[in-house]
2 protein chains.
Amino acid sequence: MPDDGATRPAQPLSSLAPLFAPRAVAVIGASADPQRIGGRPIAYALRAGFEGALYPVNPNRDEIQGVKAWPSVASIPEPIDFALLAIPAPGVPQALRDCAAKGAKAAVIFTAGFAEIGGDGPALQDEILAIGREHGVRLLGPNCLGLFNAATGHCPTFTSGIEAAMPVPGRVGLVTQSGAYGTHLLNMARDRRIGVRQWVSTGNEADVTAPECIGWMAASDEIDVIGVYMEGVNDRPALFRALEAARKARKPVVVMKVGRSAVGAQAAASHTASLAGSDASFDAALRRFGALRAKTTEEMLDILYATSRAPLPKGRKLGVLTVSGGAGVLIADAAEDVGLSLPPMPEAAQAAVLETNPLASARNPVDITAGVLNDFSKVTSATAVLRREGGYDMTAAFFTSWTASPVVGPKLREALLAGLDGDVDHPFAMICQGDAAVMESWEALGMMTFEDPSRAIHAMGALAHFAEAFDAPEETPPAPPEGVALPAGPLSELAAKRLLARAGVPIPDETLAADPQEAAEAAARLGVPCVLKIVSPDLAHKTEVGGVRLNVPPMEMETAAREMLETVRARAPHARIEGLLVGPMAGEGVELIVGARRDPVMGPVMLIGLGGVFTEVMKDVAVELAPLTPAQALKTLNGLRGAPLLHGARGKPPVDVAAAAEAISRLSALAAADPDGFESLEINPLLVTPSGVLALDALIEPRNREDDE
Amino acid sequence: MPDDGATRPAQPLSSLAPLFAPRAVAVIGASADPQRIGGRPIAYALRAGFEGALYPVNPNRDEIQGVKAWPSVASIPEPIDFALLAIPAPGVPQALRDCAAKGAKAAVIFTAGFAEIGGDGPALQDEILAIGREHGVRLLGPNCLGLFNAATGHCPTFTSGIEAAMPVPGRVGLVTQSGAYGTHLLNMARDRRIGVRQWVSTGNEADVTAPECIGWMAASDEIDVIGVYMEGVNDRPALFRALEAARKARKPVVVMKVGRSAVGAQAAASHTASLAGSDASFDAALRRFGALRAKTTEEMLDILYATSRAPLPKGRKLGVLTVSGGAGVLIADAAEDVGLSLPPMPEAAQAAVLETNPLASARNPVDITAGVLNDFSKVTSATAVLRREGGYDMTAAFFTSWTASPVVGPKLREALLAGLDGDVDHPFAMICQGDAAVMESWEALGMMTFEDPSRAIHAMGALAHFAEAFDAPEETPPAPPEGVALPAGPLSELAAKRLLARAGVPIPDETLAADPQEAAEAAARLGVPCVLKIVSPDLAHKTEVGGVRLNVPPMEMETAAREMLETVRARAPHARIEGLLVGPMAGEGVELIVGARRDPVMGPVMLIGLGGVFTEVMKDVAVELAPLTPAQALKTLNGLRGAPLLHGARGKPPVDVAAAAEAISRLSALAAADPDGFESLEINPLLVTPSGVLALDALIEPRNREDDE
């Protein structure tokens, strides 16, 4: 996948309908061998009972796999709306034209040999894209494994991921840029009994992109949960639209994006910039839209499994029922890791459990001990108490291999259901053992099943995450600053700060002095020890050339200014000097580094950290999409590891975090208003005092348009 | 499990031989029902072909499950060396005496109703322990599920974990404090084809402890790899002996210890102490002995699987062979997470791969593409190049579901083996899909199989870890300081520092002045700005009562000292004042906080962090067992997140880290020499300058003996 942020013309989601749910399908390059690339789609469609018309095209055969074959596309007697191309690359353009002439509005191109190779490949891909655009045919691929829609039996794919069987019925959508890894995922999903209803592999993404497919599934009333495997994003606006649509439709999206280890490959000039790889920006995008990123394949499948099997919980309170004390502790550990809480049962409820089962631990985890094997009514009573009086949002129950026993399993089932009044109306993880049939029998009750307690709890953490993300109030992004335009060329510090001030970021009361005498006059007016800085559009790092002095008394200002001019002229003879900046020394406070950066993939992002060592050494920097509301900026600040320093750690007074959040929001609005108008905007430091906030220094790096060529 | 560090009398490991490998076994409470607690051990022993004599004891039956039964222990015609007690608690003491009289040297007590309940339980447990001690009978349990030794068919257990089948042959030992979770693990291990040869559940640990069993397995020539599930440690010396023995025997030990979320429950007075829960100390112990801690059940099983299937690698270089580019990227991500490197193939080797397969990516990952399905000789050639010319220590190969195909699988097998010259002599992870039979067929070649690429790579990271831990040079612990005794009561700062100086930690050149005049004389002698501090054994926090002044010129010393005495007397009227401390102001440098703390479970541990916010806010503190060699201390310092500050970050000169490491080592030797002689020893700050190190302040908290009562 090309990892660039370039946007292609947005097309309506409805244009994907013929791709996912066509009525008449032509298969160009159809094969009689159900193992071959041109034969599998027909075999799959027949097995899945495709609802529409199927037209195998093959000049050498009258029928293919029992279906009447046609010598050419033109010979098909009815219009088609979908074409599958399983033919060598050179023949694709003409076949595409033929299919368009027959009415096709979507096509899948399996064939490799396009942009992914050198030589004529890219030109050939451009050609087929142009044909598609000209005739209004959406193209999936080339160099892809196709898709399936289990609801209609539409299976234009040669993946082996449905060779053994179609997925179990369900409402999970799966979008994978890699066909091979998509197949691997389909096999794992089948073994896990995850009901994948639609799957699409997007290959070269000449036209249809993975984000568009996510958007399609977000809008589809057949899909409740969306899993995504990505290698790169080349259609950011479509991705953001899709994620936002999914969030609004309360559909969990879990994304596995590979290429984390390439983070930081693009070294950048500014020292904050070097901390923001596009991987952190990708995380920021998912976070903004409430999607989750899975780091491993099993994590993704666990989350898809849980979100497709269980309702979302009302909160993070977990009740634990266990027959092993050790497992209870293990579950408590895992719960803390994912931020689920295990409040104790009310006293009366604990007493009720202990009354029938004196050897139990009744707090939470509720350990009813293996002794209940002799009296399953104790399972029922404890379950009932936990459910009715515990006030928990979710339940995790550890019954180990009891479920696998033909004797114990049914007793346990009856006892648990009685305790639940026969109704599993909340997320309930049955942590147990047994073969697929055993697990299915519990799933049929509306429970999730897991063998590893930690995985169960992590998946429940994801359920809680989505519940919160979907219930979070809508944030209105901050309005763009009025009448503030980003510059085309470099700006001096003073000009940069004045621009920020117009955008709403407070700056110190400073004077631009033309010469040492004016500097001295300015200092005398202020009547306090001053900061003196050189002003030049050519000096990004003033300190290094002797261009900054602190705490200069008014009486010494003229001399100090004269010395500074001499030093800077000696050290940077070619720098244009616009004057000297004189302002009052700032008060005590906490320094932040706040920057906006144009991420080539994800657009404008904010980098927010505490100043100095916290950013440079401790790497305590947050990356968030721009713009941020003041509330979002506040949450970001409070999420820094060093946040206690803002709230009065070590005997210092708390600083005005709200003012800092407001200033960050303003800077982010400036960046978002002209996302391609800059490389970076940096305030370093943004001084936060107990009574306010001041941008003490600023650097605006204009857009380097040469990058675009 | 009680979580105390109390040591019990050490017994020789040979005393466990009758427990794990007896010759004559009596089963007290034997049952004819193979499902009952007293029946299962007999059924298991018969099925496993127990090599020794088996004597069911039951006064009501002549035979049990086809074995002649005996009415009483006394009636058994031959001596026994092992007894299994599956009878109610009240009968256990007498039965134990009977068995001892018959020669038993080990006994397993299944029965619950001892120390784990209230009432008479603890007394009854003390009674059976006394009986065991008196007669030289080692006791496993009570309240445990027993053990098995698959090598001899000795199965005194009622776990359902071997009900379906005995484990596959192998050389893995498993020690679990929880019987129920141990059973859960056994079931998961069986499904994973992990060859558990010996398993023991230790229950209440009245006598035999989990650490002793680890020690037994470390010494056993039937065990190569040890897995441990722990809830608490009550025999620290045995644990350390066992871990050290395993390391020396090059046996990987992987430990899952639950109860992480209880970290920090014991709040402590000193602000560094509050960062060191015994969980961090437990981690430190495992790290010291080269053992690994698994956070989840599957992680533990993955590591047991890998270490029992593959040889240890020579280094961390991973070669990746894949038919999916996406999977290659995913593997590269996971490798970075666990510190495995993916160096590129040599240029000539890359050219060799591309010559036969121009569409491949030949760097590393070596992506031979799915096109090789049409020509498996390309698999062979790429594999041969990777193996012979890549110089890798390990190989990860991604072939997804190809292995599951009866057509493709055998071709792939032949092609890969040809490329490897038929010899899998290094850690080789086959990342693939298929049923157990498919996976077994690859395992039979000496390969590991995994379905999730991330899990494969994490397990390979563990292999690299153990290789390094076993090859690490032996460290000689620092010698205890001579003639330095820790105090029984509180010490003033000066006395504490002088004690540290005798232990080898540099301190400033300070004078104890009796009154302001002496202070002024001392300052005049030094002739530089001074530090002035109050000296009192009763003032742990001098700054808070006005007992510290910095940068006092010699001329102002007398006044400053007089003012300080007045202020301190006003604010802390009851503090005994021993005088005033005068010393030179220290130079510029980096401040460390270095403490030793008596961890109730793990003994003396060191807490090492950068001073101030780094420890208090950023929690950048390392915990290590005491003592530390200077080399270990240096490694610890360099592992801090803030370590760049020691090496000259942000334009500052580098400081003398070696001197800091030496001082830390000395403090640790002092702590280790009298591990029960203190609560905490803290140097805050330990100033590290470019030319050395100085303990600027020290606090020794003597042992609070009341805790012991």
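A polar contact is a pair of N or O atoms within 3.5 Å; within protein, one must be able to donate a hydrogen and the other to accept it, and residues adjacent in sequence count only if both atoms are side-chain atoms. The model is predicted: local features need pLDDT of at least 70, side-chain atom pairs count only at pLDDT 80 or more, and totals for chains, interfaces and linings use all residues. Residues are numbered from 1 along each chain as its sequence is written, chains are lettered from A and ligands numbered from 1 in the order in which they are written, and side-chain values use heavy atoms, without hydrogens and water.

**View 1. Polar and charged pairs between chain B and chain A.** Between the two chains, 18 residue pairs are in polar contact, both at pLDDT 80 or more. There are also 4 salt bridges (a side-chain nitrogen of Lys or Arg within 4 Å of a carboxyl oxygen of Asp or Glu). E298(B) and R455(A) form a salt bridge; their closest N and O atoms are 2.8 Å apart.

**View 2. The side of chain B that touches chain A.** Several elements of chain B each supply at least two residues here, among them α5 (179–191), β12 (253–257) and α15 (453–471). Helices (H or I, at least four residues) and strands (E, at least two) are DSSP runs, numbered from the N terminus. α10(B) gives the largest share, 9 residues. By class, this side has 24 nonpolar residues (Ala, Val, Leu, Ile, Met, Phe, Trp, Tyr, Cys and Pro), 16 charged (Asp, Glu, Lys and Arg) and 16 polar (the others, Gly among them).

**View 3. Extent of the interface.** In contact (heavy atoms within 4.5 Å) are 56 residues of chain B and 55 residues of chain A. The buried area is about 4200 Å², and carbon and sulfur atoms give 56% of it. Buried area is the accessible area (1.4 Å probe) that two parts lose on being put together, summed over both.

**View 4. An open sheet in chain B.** The 5 strands run in the order β15-β14-β16-β17-β18, with parallel pairing. Two strands pair if DSSP finds at least two bridges between them. β14 (residues 318–322) is joined to β16(B) by 5 bridges. L321(B) stands opposite A397(B).
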